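Here are my notes on this model, point by point. Please read them with the structure open.

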Amino acid sequence: MSKEEILKKISDAVVNGKPAVAKEGSEEALKNGVRPIEAINDGLVRGMAIVGDRFAQHQAYLPQVLISSQALYAGLDVLLPAIPKGESVAKKTVAVAVVEGDVHDIGKNILKTLIIAGGYQVIDLGRDVPTEEVLAATESKKPDVLALSTLMTPTMLSIRDAVDGLKESGYRSKVLVAVGGAPVSQTFSDEIGADHKDNDAIHHVAWLKEVL
Amino acid sequence: MTKPLTHIERGLAALQNEPVDRLTTYPLAMGVNRRLVNGGVTYREWAHDPKLYAQSFIEGQKKYDFDFAIGLMDLSVMAGDLGAHVRFDQENTPFVDKHIIHDPEDYEKLEVPDITKGRSAVLLEGTKLFAQALKNDVITAGFVEGPLLALSQSAGAERLFLDLALNPSAVHGALETLTEYDSRLVEGFAETGAAGLCWDYLWGNYSCLGDAEYHEFEAQYAHKLNKLTRDKGLAVCIHNCADMPHLDTQIKEYKPAIYSMAYYPFNPDSPSASKVIADGYADDALIGGNIDPQLFLSGTEAQIRKATSEVTQEVKTALCKRGLKSRYCIASGCEIPPDVATRLENIGAVVDVVKKEGSIQY
(Lines give C-alpha, C1' and ligand atoms only; values in the text may rest on other atoms or scores of the structure.)
Protein backbone atom coordinates (compact mmCIF):
# COMPACT_ATOMS: atom_id res chain seq x y z
CA MET A 1 0.00 0.00 0.00
CA SER A 2 1.39 3.39 -0.90
CA LYS A 3 1.51 6.24 1.58
CA GLU A 4 -1.32 8.00 -0.23
CA GLU A 5 -3.44 4.86 -0.11
CA ILE A 6 -2.82 4.46 3.63
CA LEU A 7 -3.72 8.09 4.31
CA LYS A 8 -6.87 7.72 2.22
CA LYS A 9 -7.77 4.57 4.11
CA ILE A 10 -7.47 6.46 7.39
CA SER A 11 -9.44 9.44 6.08
CA ASP A 12 -12.18 7.24 4.64
CA ALA A 13 -12.43 5.33 7.92
CA VAL A 14 -13.16 8.59 9.73
CA VAL A 15 -15.65 9.74 7.10
CA ASN A 16 -17.46 6.41 7.23
CA GLY A 17 -17.28 6.07 11.00
CA LYS A 18 -15.14 2.91 11.16
CA PRO A 19 -12.98 2.99 14.32
CA ALA A 20 -11.42 -0.43 13.71
CA VAL A 21 -10.36 0.56 10.20
CA ALA A 22 -8.98 3.88 11.43
CA LYS A 23 -6.92 2.02 14.03
CA GLU A 24 -5.74 -0.50 11.47
CA GLY A 25 -4.83 2.21 8.97
CA SER A 26 -2.95 4.16 11.62
CA GLU A 27 -0.93 1.07 12.54
CA GLU A 28 -0.16 0.49 8.87
CA ALA A 29 0.97 4.08 8.57
CA LEU A 30 3.50 3.62 11.36
CA LYS A 31 4.71 0.28 9.95
CA ASN A 32 5.27 1.90 6.58
CA GLY A 33 7.24 4.81 7.98
CA VAL A 34 4.60 7.49 7.66
CA ARG A 35 5.28 10.22 10.20
CA PRO A 36 2.58 10.17 12.92
CA ILE A 37 1.84 13.86 12.51
CA GLU A 38 1.37 13.38 8.78
CA ALA A 39 -1.00 10.47 9.39
CA ILE A 40 -2.94 12.60 11.84
CA ASN A 41 -3.18 15.68 9.66
CA ASP A 42 -3.53 14.10 6.22
CA GLY A 43 -5.55 11.11 7.34
CA LEU A 44 -7.57 11.56 10.51
CA VAL A 45 -7.98 15.33 10.46
CA ARG A 46 -8.66 15.41 6.74
CA GLY A 47 -11.45 12.88 7.19
CA MET A 48 -12.94 14.71 10.14
CA ALA A 49 -12.83 17.98 8.22
CA ILE A 50 -14.94 16.36 5.49
CA VAL A 51 -17.45 15.25 8.12
CA GLY A 52 -17.40 18.73 9.66
CA ASP A 53 -18.17 20.30 6.30
CA ARG A 54 -21.06 17.91 5.75
CA PHE A 55 -22.37 18.69 9.23
CA ALA A 56 -22.21 22.41 8.49
CA GLN A 57 -24.13 21.88 5.27
CA HIS A 58 -26.75 19.66 6.99
CA GLN A 59 -25.68 16.68 4.91
CA ALA A 60 -24.59 14.83 8.03
CA TYR A 61 -26.08 14.91 11.52
CA LEU A 62 -25.02 14.19 15.06
CA PRO A 63 -25.00 10.39 14.86
CA GLN A 64 -22.63 10.50 11.88
CA VAL A 65 -20.40 13.09 13.54
CA LEU A 66 -20.21 11.01 16.70
CA ILE A 67 -19.27 7.74 15.03
CA SER A 68 -16.71 9.60 12.92
CA SER A 69 -15.24 11.11 16.07
CA GLN A 70 -14.92 7.60 17.50
CA ALA A 71 -12.85 6.67 14.45
CA LEU A 72 -10.78 9.82 14.88
CA TYR A 73 -9.98 8.97 18.49
CA ALA A 74 -9.23 5.32 17.62
CA GLY A 75 -6.58 6.56 15.20
CA LEU A 76 -5.25 9.16 17.61
CA ASP A 77 -4.81 6.46 20.28
CA VAL A 78 -2.33 4.77 17.94
CA LEU A 79 -0.63 7.82 16.47
CA LEU A 80 -0.25 10.26 19.36
CA PRO A 81 2.02 8.01 21.48
CA ALA A 82 4.23 7.48 18.40
CA ILE A 83 5.07 11.14 17.96
CA PRO A 84 8.78 11.67 18.72
CA LYS A 85 9.52 13.81 21.77
CA GLY A 86 9.95 17.44 20.88
CA GLU A 87 7.74 17.25 17.82
CA SER A 88 4.49 18.98 18.66
CA VAL A 89 1.14 17.90 17.27
CA ALA A 90 -0.10 21.42 16.84
CA LYS A 91 1.24 24.80 17.72
CA LYS A 92 -1.96 26.22 19.11
CA THR A 93 -3.98 24.79 21.97
CA VAL A 94 -7.59 25.17 23.07
CA ALA A 95 -8.82 24.14 26.51
CA VAL A 96 -12.50 23.18 26.66
CA ALA A 97 -14.70 22.75 29.70
CA VAL A 98 -18.32 22.55 30.78
CA VAL A 99 -18.42 24.77 33.82
CA GLU A 100 -19.28 23.92 37.40
CA GLY A 101 -22.84 22.81 38.04
CA ASP A 102 -23.53 21.41 34.59
CA VAL A 103 -22.97 17.89 33.29
CA HIS A 104 -24.30 18.33 29.74
CA ASP A 105 -21.23 17.80 27.59
CA ILE A 106 -22.33 16.62 24.17
CA GLY A 107 -21.80 20.12 22.77
CA LYS A 108 -18.37 20.36 24.34
CA ASN A 109 -17.42 16.97 22.92
CA ILE A 110 -18.57 17.88 19.42
CA LEU A 111 -16.62 21.11 19.69
CA LYS A 112 -13.54 19.24 20.86
CA THR A 113 -13.68 16.90 17.87
CA LEU A 114 -14.11 19.69 15.34
CA ILE A 115 -11.32 21.74 16.93
CA ILE A 116 -9.01 18.74 16.51
CA ALA A 117 -10.26 18.45 12.95
CA GLY A 118 -9.36 22.10 12.52
CA GLY A 119 -5.75 21.26 13.27
CA TYR A 120 -5.48 22.40 16.88
CA GLN A 121 -4.55 20.61 20.05
CA VAL A 122 -7.27 20.25 22.67
CA ILE A 123 -7.06 20.02 26.43
CA ASP A 124 -10.35 18.59 27.63
CA LEU A 125 -10.94 19.69 31.21
CA GLY A 126 -14.22 17.75 31.38
CA ARG A 127 -17.68 18.64 32.62
CA ASP A 128 -18.96 20.13 35.87
CA VAL A 129 -15.43 21.49 36.33
CA PRO A 130 -14.95 23.56 39.51
CA THR A 131 -13.93 27.12 38.78
CA GLU A 132 -10.69 26.67 40.74
CA GLU A 133 -9.76 23.76 38.46
CA VAL A 134 -10.48 25.81 35.34
CA LEU A 135 -8.23 28.59 36.63
CA ALA A 136 -5.43 26.26 37.75
CA ALA A 137 -5.45 24.32 34.49
CA THR A 138 -5.46 27.49 32.41
CA GLU A 139 -2.41 28.87 34.17
CA SER A 140 -0.51 25.58 34.26
CA LYS A 141 -1.29 24.27 30.77
CA LYS A 142 -1.26 27.69 29.11
CA PRO A 143 -3.81 27.16 26.31
CA ASP A 144 -4.14 29.86 23.67
CA VAL A 145 -7.91 29.74 24.03
CA LEU A 146 -10.14 28.78 26.94
CA ALA A 147 -13.59 27.69 25.70
CA LEU A 148 -16.25 27.50 28.42
CA SER A 149 -19.79 26.33 27.95
CA THR A 150 -23.02 25.48 29.71
CA LEU A 151 -26.46 24.35 28.66
CA MET A 152 -28.28 25.86 31.60
CA THR A 153 -29.04 29.41 32.59
CA PRO A 154 -28.14 29.29 36.30
CA THR A 155 -24.69 27.84 35.62
CA MET A 156 -23.86 30.71 33.31
CA LEU A 157 -22.69 32.34 36.51
CA SER A 158 -19.92 29.75 36.71
CA ILE A 159 -18.63 31.07 33.38
CA ARG A 160 -18.65 34.56 34.86
CA ASP A 161 -16.80 33.30 37.94
CA ALA A 162 -14.08 31.72 35.80
CA VAL A 163 -13.55 34.87 33.74
CA ASP A 164 -13.53 37.01 36.90
CA GLY A 165 -11.00 34.62 38.41
CA LEU A 166 -8.70 35.04 35.42
CA LYS A 167 -8.97 38.82 35.78
CA GLU A 168 -8.14 38.67 39.48
CA SER A 169 -5.12 36.46 38.94
CA GLY A 170 -3.81 38.71 36.19
CA TYR A 171 -3.91 35.87 33.65
CA ARG A 172 -6.84 37.15 31.60
CA SER A 173 -4.67 39.03 29.12
CA LYS A 174 -2.70 35.86 28.36
CA VAL A 175 -5.58 33.74 27.10
CA LEU A 176 -8.47 34.27 24.73
CA VAL A 177 -11.80 33.32 26.29
CA ALA A 178 -14.65 31.93 24.22
CA VAL A 179 -18.06 31.15 25.70
CA GLY A 180 -20.95 29.12 24.37
CA GLY A 181 -23.99 26.98 25.01
CA ALA A 182 -27.69 27.39 24.36
CA PRO A 183 -28.46 30.12 26.92
CA VAL A 184 -25.29 32.15 26.40
CA SER A 185 -26.10 35.38 24.64
CA GLN A 186 -23.88 38.00 23.08
CA THR A 187 -25.03 40.39 25.78
CA PHE A 188 -23.83 38.03 28.48
CA SER A 189 -20.57 37.48 26.66
CA ASP A 190 -20.03 41.22 26.43
CA GLU A 191 -20.95 41.73 30.07
CA ILE A 192 -18.37 39.28 31.37
CA GLY A 193 -15.71 40.43 28.93
CA ALA A 194 -15.31 37.28 26.85
CA ASP A 195 -13.45 37.53 23.58
CA HIS A 196 -15.94 35.50 21.63
CA LYS A 197 -19.36 33.88 21.83
CA ASP A 198 -20.57 31.00 19.71
CA ASN A 199 -23.43 28.57 19.88
CA ASP A 200 -22.16 26.09 17.35
CA ALA A 201 -18.89 24.28 16.81
CA ILE A 202 -18.51 25.06 13.13
CA HIS A 203 -18.48 28.80 13.66
CA HIS A 204 -16.20 28.44 16.65
CA VAL A 205 -13.55 26.69 14.56
CA ALA A 206 -13.89 29.39 11.91
CA TRP A 207 -13.22 31.96 14.62
CA LEU A 208 -10.16 30.04 15.81
CA LYS A 209 -8.76 30.16 12.30
CA GLU A 210 -9.18 33.94 12.33
CA VAL A 211 -7.51 34.61 15.66
CA LEU A 212 -4.86 31.92 16.06
CA MET B 1 -62.26 46.52 16.60
CA THR B 2 -63.42 43.27 18.18
CA LYS B 3 -65.19 43.54 21.54
CA PRO B 4 -63.10 42.74 24.61
CA LEU B 5 -62.70 39.01 25.05
CA THR B 6 -61.99 36.86 28.06
CA HIS B 7 -58.77 34.86 28.09
CA ILE B 8 -60.61 31.70 27.13
CA GLU B 9 -62.58 33.41 24.37
CA ARG B 10 -59.39 34.97 23.03
CA GLY B 11 -57.50 31.69 23.17
CA LEU B 12 -60.26 29.76 21.44
CA ALA B 13 -60.59 32.45 18.78
CA ALA B 14 -56.85 32.36 18.13
CA LEU B 15 -56.90 28.58 17.86
CA GLN B 16 -59.59 28.86 15.19
CA ASN B 17 -58.09 31.90 13.47
CA GLU B 18 -61.09 34.01 14.36
CA PRO B 19 -60.87 37.77 15.01
CA VAL B 20 -59.52 38.74 18.44
CA ASP B 21 -59.47 41.95 20.43
CA ARG B 22 -55.70 41.53 20.66
CA LEU B 23 -53.11 38.80 20.13
CA THR B 24 -52.80 36.16 22.82
CA THR B 25 -49.73 36.14 25.05
CA TYR B 26 -48.06 33.60 27.27
CA PRO B 27 -44.46 34.17 28.32
CA LEU B 28 -43.49 30.65 29.37
CA ALA B 29 -43.42 31.25 33.12
CA MET B 30 -43.14 27.89 34.82
CA GLY B 31 -40.33 27.25 37.29
CA VAL B 32 -39.91 30.97 37.84
CA ASN B 33 -43.42 31.07 39.34
CA ARG B 34 -42.18 29.15 42.38
CA ARG B 35 -40.88 32.51 43.59
CA LEU B 36 -44.50 33.64 43.93
CA VAL B 37 -45.44 30.88 46.39
CA ASN B 38 -44.98 31.38 50.13
CA GLY B 39 -42.36 34.03 49.53
CA GLY B 40 -40.42 31.66 47.29
CA VAL B 41 -39.89 27.92 47.49
CA THR B 42 -36.88 25.94 46.29
CA TYR B 43 -36.92 23.94 43.09
CA ARG B 44 -36.78 20.71 45.07
CA GLU B 45 -39.85 21.68 47.09
CA TRP B 46 -41.71 22.89 44.03
CA ALA B 47 -40.96 19.79 41.95
CA HIS B 48 -41.98 17.35 44.69
CA ASP B 49 -45.18 18.88 46.03
CA PRO B 50 -48.22 19.00 43.74
CA LYS B 51 -49.87 21.71 45.83
CA LEU B 52 -46.87 24.03 45.62
CA TYR B 53 -46.49 23.23 41.94
CA ALA B 54 -50.14 24.03 41.23
CA GLN B 55 -50.15 27.11 43.44
CA SER B 56 -47.28 28.60 41.46
CA PHE B 57 -49.33 28.57 38.26
CA ILE B 58 -52.32 29.99 40.09
CA GLU B 59 -50.20 32.79 41.55
CA GLY B 60 -48.61 33.41 38.16
CA GLN B 61 -52.00 33.81 36.59
CA LYS B 62 -53.10 36.23 39.30
CA LYS B 63 -49.98 38.32 38.97
CA TYR B 64 -49.50 38.40 35.21
CA ASP B 65 -52.92 37.80 33.65
CA PHE B 66 -51.75 35.33 30.98
CA ASP B 67 -53.91 33.88 28.21
CA PHE B 68 -52.82 30.26 28.77
CA ALA B 69 -51.38 28.07 31.53
CA ILE B 70 -49.07 25.19 30.58
CA GLY B 71 -47.53 23.05 33.28
CA LEU B 72 -43.88 22.33 32.56
CA MET B 73 -41.94 21.01 35.55
CA ASP B 74 -38.53 20.06 34.10
CA LEU B 75 -37.13 17.56 31.62
CA SER B 76 -35.91 14.94 34.07
CA VAL B 77 -39.24 13.74 35.44
CA MET B 78 -39.46 10.61 33.31
CA ALA B 79 -35.77 9.70 33.46
CA GLY B 80 -35.85 10.11 37.22
CA ASP B 81 -38.82 7.79 37.57
CA LEU B 82 -37.08 5.31 35.28
CA GLY B 83 -34.23 5.20 37.79
CA ALA B 84 -31.76 7.88 36.71
CA HIS B 85 -30.32 10.05 39.47
CA VAL B 86 -31.63 13.60 39.32
CA ARG B 87 -29.65 16.41 40.87
CA PHE B 88 -31.66 19.05 42.67
CA ASP B 89 -29.78 22.24 43.38
CA GLN B 90 -31.60 24.87 45.43
CA GLU B 91 -32.33 27.24 42.58
CA ASN B 92 -31.30 25.35 39.49
CA THR B 93 -33.52 23.38 37.12
CA PRO B 94 -33.20 19.71 38.14
CA PHE B 95 -31.19 17.59 35.75
CA VAL B 96 -29.99 14.01 35.37
CA ASP B 97 -26.42 13.64 36.55
CA LYS B 98 -26.20 9.83 36.51
CA HIS B 99 -27.63 8.01 33.52
CA ILE B 100 -29.00 4.49 33.54
CA ILE B 101 -28.01 3.41 30.04
CA HIS B 102 -24.34 2.46 29.87
CA ASP B 103 -24.40 -0.44 27.42
CA PRO B 104 -26.68 -1.46 24.56
CA GLU B 105 -28.10 -4.21 26.81
CA ASP B 106 -29.36 -1.56 29.24
CA TYR B 107 -31.99 -0.32 26.79
CA GLU B 108 -34.04 -3.47 27.15
CA LYS B 109 -33.88 -3.27 30.94
CA LEU B 110 -36.07 -0.17 31.00
CA GLU B 111 -39.47 -0.77 32.55
CA VAL B 112 -42.49 1.50 32.63
CA PRO B 113 -42.67 2.93 36.14
CA ASP B 114 -45.79 3.22 38.25
CA ILE B 115 -47.16 6.66 37.35
CA THR B 116 -49.02 6.88 40.64
CA LYS B 117 -45.63 7.25 42.33
CA GLY B 118 -42.58 9.44 41.90
CA ARG B 119 -42.54 12.79 40.17
CA SER B 120 -44.83 11.51 37.40
CA ALA B 121 -47.53 11.44 40.07
CA VAL B 122 -46.56 14.91 41.31
CA LEU B 123 -46.76 16.25 37.76
CA LEU B 124 -50.17 14.70 37.14
CA GLU B 125 -51.63 15.73 40.48
CA GLY B 126 -50.16 19.22 40.24
CA THR B 127 -51.55 19.63 36.73
CA LYS B 128 -54.95 18.49 37.95
CA LEU B 129 -54.92 21.04 40.77
CA PHE B 130 -54.01 24.04 38.65
CA ALA B 131 -56.19 22.94 35.73
CA GLN B 132 -59.18 22.75 38.07
CA ALA B 133 -58.36 26.07 39.69
CA LEU B 134 -57.86 27.94 36.42
CA LYS B 135 -60.41 26.18 34.22
CA ASN B 136 -62.72 29.20 34.15
CA ASP B 137 -59.90 31.66 33.49
CA VAL B 138 -57.59 30.28 30.81
CA ILE B 139 -56.98 27.35 28.51
CA THR B 140 -54.75 24.93 30.41
CA ALA B 141 -52.40 22.18 29.29
CA GLY B 142 -50.10 19.63 30.83
CA PHE B 143 -46.54 19.13 29.62
CA VAL B 144 -44.76 15.87 28.88
CA GLU B 145 -41.46 14.72 27.41
CA GLY B 146 -41.55 12.83 24.13
CA PRO B 147 -40.02 9.34 24.06
CA LEU B 148 -36.76 10.28 22.35
CA LEU B 149 -36.21 13.19 24.74
CA ALA B 150 -36.91 11.01 27.77
CA LEU B 151 -34.54 8.38 26.43
CA SER B 152 -31.79 10.93 25.84
CA GLN B 153 -32.22 12.05 29.45
CA SER B 154 -31.88 8.45 30.58
CA ALA B 155 -28.92 7.53 28.38
CA GLY B 156 -27.19 10.86 27.86
CA ALA B 157 -27.49 12.53 24.50
CA GLU B 158 -24.07 11.44 23.24
CA ARG B 159 -24.63 7.78 24.13
CA LEU B 160 -28.07 7.82 22.54
CA PHE B 161 -26.99 9.50 19.31
CA LEU B 162 -24.17 7.02 18.91
CA ASP B 163 -26.57 4.16 19.45
CA LEU B 164 -28.98 5.51 16.85
CA ALA B 165 -26.23 4.59 14.41
CA LEU B 166 -24.62 1.62 16.13
CA ASN B 167 -27.46 -0.12 17.98
CA PRO B 168 -30.72 1.00 16.40
CA SER B 169 -32.73 -2.08 17.35
CA ALA B 170 -31.85 -1.66 21.03
CA VAL B 171 -32.89 2.00 20.84
CA HIS B 172 -36.19 1.08 19.20
CA GLY B 173 -36.87 -1.41 21.97
CA ALA B 174 -36.40 1.32 24.55
CA LEU B 175 -38.53 3.75 22.57
CA GLU B 176 -41.36 1.22 22.58
CA THR B 177 -41.10 1.11 26.38
CA LEU B 178 -41.04 4.89 26.65
CA THR B 179 -43.98 5.19 24.28
CA GLU B 180 -45.91 2.91 26.61
CA TYR B 181 -44.79 5.08 29.56
CA ASP B 182 -45.94 8.18 27.68
CA SER B 183 -49.24 6.49 26.81
CA ARG B 184 -49.96 5.92 30.49
CA LEU B 185 -49.09 9.53 31.19
CA VAL B 186 -51.48 10.67 28.45
CA GLU B 187 -54.22 8.67 30.15
CA GLY B 188 -53.27 10.32 33.42
CA PHE B 189 -53.30 13.82 31.92
CA ALA B 190 -56.71 13.08 30.41
CA GLU B 191 -58.03 12.80 33.97
CA THR B 192 -56.64 16.17 35.09
CA GLY B 193 -59.18 18.39 33.41
CA ALA B 194 -56.51 20.15 31.34
CA ALA B 195 -57.65 21.07 27.86
CA GLY B 196 -54.43 20.11 26.14
CA LEU B 197 -51.15 18.28 26.43
CA CYS B 198 -47.91 19.88 25.29
CA TRP B 199 -45.28 17.49 23.95
CA ASP B 200 -41.60 18.29 24.02
CA TYR B 201 -40.21 16.79 20.82
CA LEU B 202 -36.88 18.56 21.18
CA TRP B 203 -34.76 16.37 18.93
CA GLY B 204 -36.76 17.29 15.83
CA ASN B 205 -33.97 19.70 15.06
CA TYR B 206 -31.85 19.86 11.92
CA SER B 207 -28.83 20.67 14.10
CA CYS B 208 -29.09 17.12 15.42
CA LEU B 209 -31.09 14.81 13.18
CA GLY B 210 -32.00 14.71 9.51
CA ASP B 211 -35.48 13.84 8.27
CA ALA B 212 -34.69 10.14 7.90
CA GLU B 213 -33.35 9.70 11.44
CA TYR B 214 -36.06 11.84 12.95
CA HIS B 215 -38.81 9.89 11.26
CA GLU B 216 -37.25 6.59 12.23
CA PHE B 217 -36.58 7.40 15.86
CA GLU B 218 -39.36 9.75 16.85
CA ALA B 219 -42.06 10.48 14.30
CA GLN B 220 -43.45 6.94 14.22
CA TYR B 221 -43.85 7.00 18.00
CA ALA B 222 -45.08 10.59 18.08
CA HIS B 223 -47.86 9.77 15.63
CA LYS B 224 -49.19 7.10 18.01
CA LEU B 225 -48.96 9.40 21.00
CA ASN B 226 -50.52 12.37 19.23
CA LYS B 227 -53.44 10.17 18.17
CA LEU B 228 -53.87 8.86 21.70
CA THR B 229 -53.77 12.41 23.03
CA ARG B 230 -56.58 13.45 20.70
CA ASP B 231 -58.54 10.27 21.36
CA LYS B 232 -58.43 11.09 25.06
CA GLY B 233 -59.93 14.50 24.39
CA LEU B 234 -56.79 16.58 24.78
CA ALA B 235 -55.55 19.12 22.27
CA VAL B 236 -52.07 18.30 20.94
CA CYS B 237 -49.58 21.06 21.59
CA ILE B 238 -45.86 20.91 20.82
CA HIS B 239 -42.93 22.80 22.23
CA ASN B 240 -39.62 22.76 20.42
CA CYS B 241 -37.08 25.39 21.35
CA ALA B 242 -34.40 24.08 18.97
CA ASP B 243 -32.73 26.39 16.48
CA MET B 244 -33.79 24.56 13.32
CA PRO B 245 -36.99 22.66 14.10
CA HIS B 246 -38.50 20.09 11.77
CA LEU B 247 -41.48 22.27 10.99
CA ASP B 248 -42.84 20.18 8.12
CA THR B 249 -42.97 17.08 10.28
CA GLN B 250 -43.97 18.67 13.55
CA ILE B 251 -46.60 21.06 12.16
CA LYS B 252 -47.74 19.72 8.79
CA GLU B 253 -47.67 16.05 9.79
CA TYR B 254 -48.37 16.17 13.52
CA LYS B 255 -51.03 18.89 13.12
CA PRO B 256 -50.81 20.36 16.63
CA ALA B 257 -53.27 22.96 17.84
CA ILE B 258 -50.40 25.00 19.30
CA TYR B 259 -46.74 25.00 18.28
CA SER B 260 -44.30 26.82 20.57
CA MET B 261 -40.90 27.68 19.16
CA ALA B 262 -37.80 29.79 19.57
CA TYR B 263 -35.78 32.02 17.26
CA TYR B 264 -31.99 32.23 17.07
CA PRO B 265 -31.15 35.36 15.11
CA PHE B 266 -27.44 34.49 14.85
CA ASN B 267 -28.36 31.35 12.89
CA PRO B 268 -29.45 32.23 9.34
CA ASP B 269 -31.37 28.95 9.12
CA SER B 270 -33.44 29.65 12.22
CA PRO B 271 -36.92 30.79 11.11
CA SER B 272 -38.24 34.12 12.39
CA ALA B 273 -41.87 34.70 13.35
CA SER B 274 -42.63 36.40 10.06
CA LYS B 275 -41.01 33.62 8.04
CA VAL B 276 -42.90 30.92 9.91
CA ILE B 277 -46.15 32.72 9.18
CA ALA B 278 -45.24 33.50 5.57
CA ASP B 279 -44.31 29.87 4.96
CA GLY B 280 -47.80 28.78 5.97
CA TYR B 281 -47.07 27.11 9.30
CA ALA B 282 -49.61 29.34 11.10
CA ASP B 283 -52.33 28.39 8.64
CA ASP B 284 -53.38 25.44 10.75
CA ALA B 285 -51.64 25.88 14.13
CA LEU B 286 -51.41 28.65 16.68
CA ILE B 287 -47.71 29.47 16.69
CA GLY B 288 -46.14 30.66 19.94
CA GLY B 289 -42.87 32.55 20.16
CA ASN B 290 -40.30 33.95 20.06
CA ILE B 291 -38.94 36.48 22.56
CA ASP B 292 -35.41 35.63 23.69
CA PRO B 293 -35.79 33.99 27.12
CA GLN B 294 -32.49 35.45 28.27
CA LEU B 295 -33.97 38.92 28.07
CA PHE B 296 -36.10 38.07 31.12
CA LEU B 297 -32.89 37.52 33.06
CA SER B 298 -30.43 40.00 31.66
CA GLY B 299 -32.57 42.57 29.91
CA THR B 300 -33.99 45.73 31.39
CA GLU B 301 -37.72 46.30 31.36
CA ALA B 302 -37.25 48.85 28.59
CA GLN B 303 -35.33 46.31 26.51
CA ILE B 304 -37.95 43.60 26.87
CA ARG B 305 -40.74 46.06 26.13
CA LYS B 306 -38.93 47.02 22.93
CA ALA B 307 -38.37 43.38 21.96
CA THR B 308 -42.01 42.52 22.64
CA SER B 309 -43.20 45.50 20.66
CA GLU B 310 -41.00 44.54 17.73
CA VAL B 311 -42.13 40.94 17.56
CA THR B 312 -45.77 42.00 18.02
CA GLN B 313 -45.54 44.38 15.07
CA GLU B 314 -43.68 41.78 13.02
CA VAL B 315 -46.38 39.20 13.73
CA LYS B 316 -49.28 41.55 13.01
CA THR B 317 -47.78 42.51 9.67
CA ALA B 318 -47.03 38.92 8.73
CA LEU B 319 -50.50 37.69 9.74
CA CYS B 320 -52.08 40.45 7.67
CA LYS B 321 -49.96 39.59 4.64
CA ARG B 322 -50.88 35.94 4.98
CA GLY B 323 -54.58 36.69 5.40
CA LEU B 324 -54.65 35.30 8.94
CA LYS B 325 -56.48 36.88 11.84
CA SER B 326 -54.99 35.72 15.08
CA ARG B 327 -52.82 32.62 14.87
CA TYR B 328 -49.82 33.76 16.86
CA CYS B 329 -49.26 33.92 20.60
CA ILE B 330 -46.60 36.34 21.79
CA ALA B 331 -44.49 34.17 24.05
CA SER B 332 -40.95 33.48 25.05
CA GLY B 333 -39.13 31.07 22.75
CA CYS B 334 -38.43 28.80 25.66
CA GLU B 335 -39.11 28.68 29.38
CA ILE B 336 -38.32 31.92 31.17
CA PRO B 337 -35.10 31.21 33.10
CA PRO B 338 -36.25 30.00 36.54
CA ASP B 339 -33.23 31.71 38.02
CA VAL B 340 -33.58 33.77 41.18
CA ALA B 341 -32.09 36.70 39.27
CA THR B 342 -34.78 36.68 36.58
CA ARG B 343 -36.55 40.03 36.64
CA LEU B 344 -40.19 39.33 37.42
CA GLU B 345 -41.21 42.76 36.20
CA ASN B 346 -40.08 41.72 32.72
CA ILE B 347 -42.78 39.04 32.60
CA GLY B 348 -45.51 41.55 33.34
CA ALA B 349 -43.98 43.94 30.82
CA VAL B 350 -44.47 41.45 27.98
CA VAL B 351 -48.16 40.99 28.83
CA ASP B 352 -48.61 44.75 29.17
CA VAL B 353 -47.09 45.49 25.76
CA VAL B 354 -49.25 42.88 24.04
CA LYS B 355 -52.35 44.29 25.71
CA LYS B 356 -51.47 47.76 24.47
CA GLU B 357 -50.10 46.92 21.04
CA GLY B 358 -51.55 43.54 20.14
CA SER B 359 -54.86 44.65 18.67
CA ILE B 360 -55.47 44.05 14.98
CA GLN B 361 -57.76 46.04 12.69
CA TYR B 362 -59.96 43.74 10.60
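1. Start with the domains. In this predicted model, the C-alpha centres of domain 1 of chain A and domain 2 of chain A are 26 Å apart. Domain 1 of chain A covers 3-82, and domain 2 covers 93-211.

2. Next, the contact between these domains. Domain 1 of chain A puts 10 residues in contact with seven residues of domain 2 of chain A. On the domain 1 side, two elements of chain A give two or more residues: α3 (36-56) and α4 (62-79). Which of them gives the most? α3(A) does, with seven residues. By class, this side of domain 1 of chain A has seven nonpolar residues, three polar and no charged.

3. Now a helix pair within chain A. Helix α5 (residues 106-117) of chain A packs against helix α9 (residues 201-211) of chain A. The angle is about 40°, and the axes are 9 Å apart. The crossing of α5(A) past α9(A) is right-handed.

4. The residues behind that packing can be named. From α5(A) come A:I110, A:L111, A:L114 and A:I115. They meet A:A201, A:I202, A:H204, A:V205 and A:L208 in α9(A). How does this contact divide by class? The contact of α5(A) with α9(A) has eight nonpolar residues, one polar and no charged.

5. Turn to the chain interface. Chain A has 20 residues in contact with 24 residues of chain B. In chain A, α4, α5 and α8 (186-192) each supply at least two residues of the side that touches chain B. The largest share of that side comes from α4(A), with five residues. The side of chain A that touches chain B divides into 11 nonpolar, nine polar and no charged residues.

6. Last, confidence. Chain B has a mean pLDDT of 96. In chain B, 100% of residues reach 70 or more. For the complex, the predictor gives an ipTM of 0.88 and a pTM of 0.91.

Notes: Residues are numbered from 1 along each chain as its sequence is written. Chains are lettered from A and ligands numbered from 1 in the order in which they are written. This is a predicted model: local features need pLDDT of at least 70, side-chain atom pairs count only at pLDDT 80 or more; totals for chains, interfaces and linings use all residues. Axes are lines fitted to C-alpha atoms, for helices over the stretch in contact, and angles run from 0 to 180 degrees between N-to-C directions. Helices (H or I, at least four residues) and strands (E, at least two) are DSSP runs, numbered from the N terminus. A crossing is left-handed if the near helix is turned anticlockwise from the far one by less than a right angle, and right-handed if clockwise. Two residues are in contact if their C-beta atoms, placed from the backbone, lie within 7 Å. Ala, Val, Leu, Ile, Met, Phe, Trp, Tyr, Cys and Pro count as nonpolar, Asp, Glu, Lys and Arg as charged, and the others, Gly among them, as polar. Domain bounds come from an automatic or database domain assignment. pLDDT is the predictor's confidence in each residue, from 0 to 100.
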